[in-house]
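Me: Please take a close look at a single part of this model and tell me what surrounds it. After that, go on to the metal site and the sheet beside it in your account.

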Amino acid sequence: MSARAPGPLPPGLHHYPLRLDPGEQATLLQGIRDVVAKAPLYRPRMPGSGRQFSVRMTNCGALGWVSDAGGYRYQPVHPETGEPWPPIPDMLLALWAELSDYAHPPEACLVNFYEAGARMGLHQDKDETDLDAPVLSVSLGDEALFRIGGTERGGPTRSLRLSSGDVLVMGGPSRLVFHGIDRIYPGTSTLLKGEGRINLTLRRVTRP
Ligand code: SIN
Ligand code: FE2
């Protein structure tokens, strides 16, 4: 079982350790490799500073989350190839139907790839119009230290170790909590060919 801070998780935040077994993880990984073959990973830039993210990204689904000098937004095409994003793998749609407690399918799946030194600063996921739907996140590959706070920047935070096959749902009162990845732990999983971690986040963007 993954190490975690003592005490229950805040309402609306649900952690399902090893929700995907190793065979399911391998199947999903193949689905993501197929996505990346059509929609290559790229390194986005921050809107203000123009600095590149340490995480490489791509998307699948009708919409994809992008960041560049024009800001954060969702758009239907890959920013470098101009092609529509590939469809979301069926296994992810099934997970959403099972765990989201939301009647409509997700529209976007952000694929984040963390190399050994990559991290993601504390942020809120708030570029979606429909905040009634949760964000559902799946971890594959090396373990990560996930940090989670409240809905105010600068408030207290706690951390949670996420492992390959774990699913995390942030919804209800936890939909807008600050969260980020402090670090990954290279070499803690054999799922990927080398070191690294993939995180998949499913989002509903528009109101149905
Ligand atoms: C994210 O917030 O987009 C990614 C979170 C994670 O990598 O677990
Ligand atoms: Fe996020």
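Reply: Apart from neighbours within four places in sequence, T201 is in contact with A108, C109, L110, V135, L136 and S137. The model is a predicted one. T201 belongs to strand β12, which covers residues 197-203. Its relative accessibility is 6%, and T201 counts as buried because the cut-off for that is under 20%. The side chain of T201 also makes a polar contact of 2.9 Å with the side chain of R203.

Now the metal site. The iron ion (ligand 2) is coordinated by H123 through NE2, D125 through OD and H179 through NE2, at 2.1 to 2.2 Å. Along the sequence these donor residues follow the spacing H-x1-D-x53-H. The site has four donor atoms, with angles of 89 to 173 degrees among them, and is irregular.

H179 stands in β11, opposite I148. Strand β11 (residues 179-185) runs antiparallel to strand β8 (residues 143-148), and six bridges join the two. Both are part of an open sheet of four strands, in the order β6-β11-β8-β9, with antiparallel pairing. The edges are β6 (120-123) and β9 (158-162); each has a single partner strand, so one side of each lacks a neighbour in the sheet. From one strand to the next, the twist averages 25 degrees.

Key:
Residues are numbered from 1 along each chain as its sequence is written. Chains are lettered from A and ligands numbered from 1 in the order in which they are written. This is a predicted model: local features need pLDDT of at least 70, side-chain atom pairs count only at pLDDT 80 or more; totals for chains, interfaces and linings use all residues. Side-chain values use heavy atoms; hydrogens and water are left out. Buried means under 20% relative accessible area, exposed over 50%, partly exposed in between (1.4 Å probe, protein chains only). A polar contact is a pair of N or O atoms within 3.5 Å; within protein, one must be able to donate a hydrogen and the other to accept it, and residues adjacent in sequence count only if both atoms are side-chain atoms. Contact means heavy atoms within 4.5 Å. Two strands pair if DSSP finds at least two bridges between them. Axes are lines fitted to C-alpha atoms, for helices over the stretch in contact, and angles run from 0 to 180 degrees between N-to-C directions. Donors are N, O and S atoms within 2.8 Å of the metal (3.2 Å for Na, K and Ca); water is not among the atoms, so sites may look incomplete. Four donors count as tetrahedral if all angles lie between 85 and 135 degrees; four count as square planar and six as octahedral if opposite donors are over 155 degrees apart and all others between 65 and 115; anything else is irregular.
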